[in-house]
2 protein chains.
Amino acid sequence: MVNGYAERFEGMDPSKVLGALELMRSGSILIRKLDAYFATHDLSQLRFLTLVLIDREPERTALAANEIAEKLDVSRPVVTRTLQGLQQAGLIRISGNKDDARAKEVSLTPLGESKLGEVLPGYFGILHDAMPNSEARQ
Amino acid sequence: MVNGYAERFEGMDPSKVLGALELMRSGSILIRKLDAYFATHDLSQLRFLTLVLIDREPERTALAANEIAEKLDVSRPVVTRTLQGLQQAGLIRISGNKDDARAKEVSLTPLGESKLGEVLPGYFGILHDAMPNSEARQ
DNA sequence: CTCCTTTAGTTAGCATGATAACTATATATA
DNA sequence: TATATATAGTTATCATGCTAACTAAAGGAG
């Protein structure tokens, strides 16, 4: 398809365009695989990454919703909704911040921790398998 | 973040995992750029690709909704909705297929053709610029 | 020819992303 | 201190993907 158009656009390098299309394609395929995997664990990309983020927080056991939105680069309303879902599933605990009445503190429940431990190996496995061996040896 | 977990998973190659994460990240960024570009032209990825597909159809000037769903790998309900939007915008014409009363035929209007001509250069430009020069020279 | 299955498309409803506009609280300034 | 501005979070609404279940037409088997 690209070649059909390529003739009409001077200075265009079809290999670059095809590379970009391939980038989007392989990225999308990987995201689909992960979504399918997460779905089998009653999670989603964002739900999973939220758990990871709380788990990995150094020096603290809790995070503000605001920080989650920034670090995961999603809008705050999406974080609100996601946290509500995780709380309902019993995976996180949401409490008020005693220093700032506006803020909330989010931490993992034991169930959330075990869910994370259960899902992580498969997650890394999918990422691992998604890469060709040529890029594997450093 | 990955290294923190890497120690706990035997046989995992962190460079592969990081490569996969980078793949998803760069793919997502490119998709966002394209979406932002399409939005300035009252289009979306799917609306744009639908126009391209109809335009590129060899030997015919029309396509069935069904074929669009297959070639773009999206569900048929999404195609229905997208075609309705394109029709309302005056970019495509939808007519019945005289050989099969179930099927519909979709073709570009002159407005659709000019819209495509207006959007294509910027589209290829974004794809082109998204790729590093190292992959450019064949 | 009649009935069953397949196919094209639509409708309804869910998930998950976004922005705009709102409330409540914190902070800075006059 | 009083008021203005900034920040945390929520609500409402939209966009765009999906599946399930539906209608209507086509095609095949008896």
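**Group meeting: two chains and the contact between them**

Okay, let's start with one pair: the side chains of B:Asp73 and A:Arg32 meet in a salt bridge, 3.3 Å from N to O. By salt bridge I mean a side-chain nitrogen of Lys or Arg within 4 Å of a carboxyl oxygen of Asp or Glu.

Quick housekeeping. This is a predicted model, where local features need pLDDT of at least 70 and side-chain atom pairs count only at pLDDT 80 or more, while totals for chains, interfaces and linings use all residues. Residues are numbered from 1 along each chain as its sequence is written, chains are lettered from A and ligands numbered from 1 in the order in which they are written, and side-chain values use heavy atoms, with hydrogens and water left out.

Back to our pair. Where do A:Arg32 and B:Asp73 sit? A:Arg32 is in helix 2 (residues 14–39) of chain A, and B:Asp73 is in the loop between helix 4 and helix 5 of chain B, so this pair crosses between chains. Helices here are DSSP runs of H or I with at least four residues, strands are runs of E with at least two, and both are numbered from the N terminus.

Are these residues buried or exposed? A:Arg32 is exposed, with a relative accessible area of 52%, and B:Asp73 is partly exposed, at 48%. The cut-offs: buried is under 20% relative accessible area, exposed is over 50%, and partly exposed is in between, using a 1.4 Å probe and protein chains only.

There's a second pair to look at. B:Arg32 and A:Asp73 also meet through their side chains in a salt bridge, 3.1 Å from N to O. B:Arg32 is in helix 2 of chain B and A:Asp73 is in the loop between helix 4 and helix 5 of chain A, so this pair joins two chains too. B:Arg32 is exposed, at 51%. Between chain B and chain A the count is 2 salt bridges, and over all chains the search finds 8.

Now the backbone at those Asp residues. Most residues other than glycine have a negative phi. A:Asp73, though, has a positive phi of about 55°, and for B:Asp73 phi is near 55°, also positive.

Let's zoom out to the whole contact, meaning heavy atoms within 4.5 Å. It takes 43 residues from chain B and 43 residues from chain A. The two chains bury about 3700 Å² between them, 69% of it on carbon and sulfur atoms. In chain B, the residues that lose the most area to chain A are B:Tyr5, B:Lys16 and B:Phe124, together 20% of what that side buries. Buried area is the accessible area (1.4 Å probe) that two parts lose on being put together, summed over both.

So how are the chains related? Chain B can be laid on chain A with an RMSD of 0.1 Å by a turn of 180° and a shift of 0.0 Å along the axis, which is the relation of a two-fold axis. That superposition is by least squares on the C-alpha atoms of residues with pLDDT of at least 70 in both copies. In chain B, B:Gly27 comes closest to the rotation axis, with its C-alpha at 2.7 Å. And 100% of the interface residues of chain B are also interface residues in chain A, so the copies meet through the same surface.
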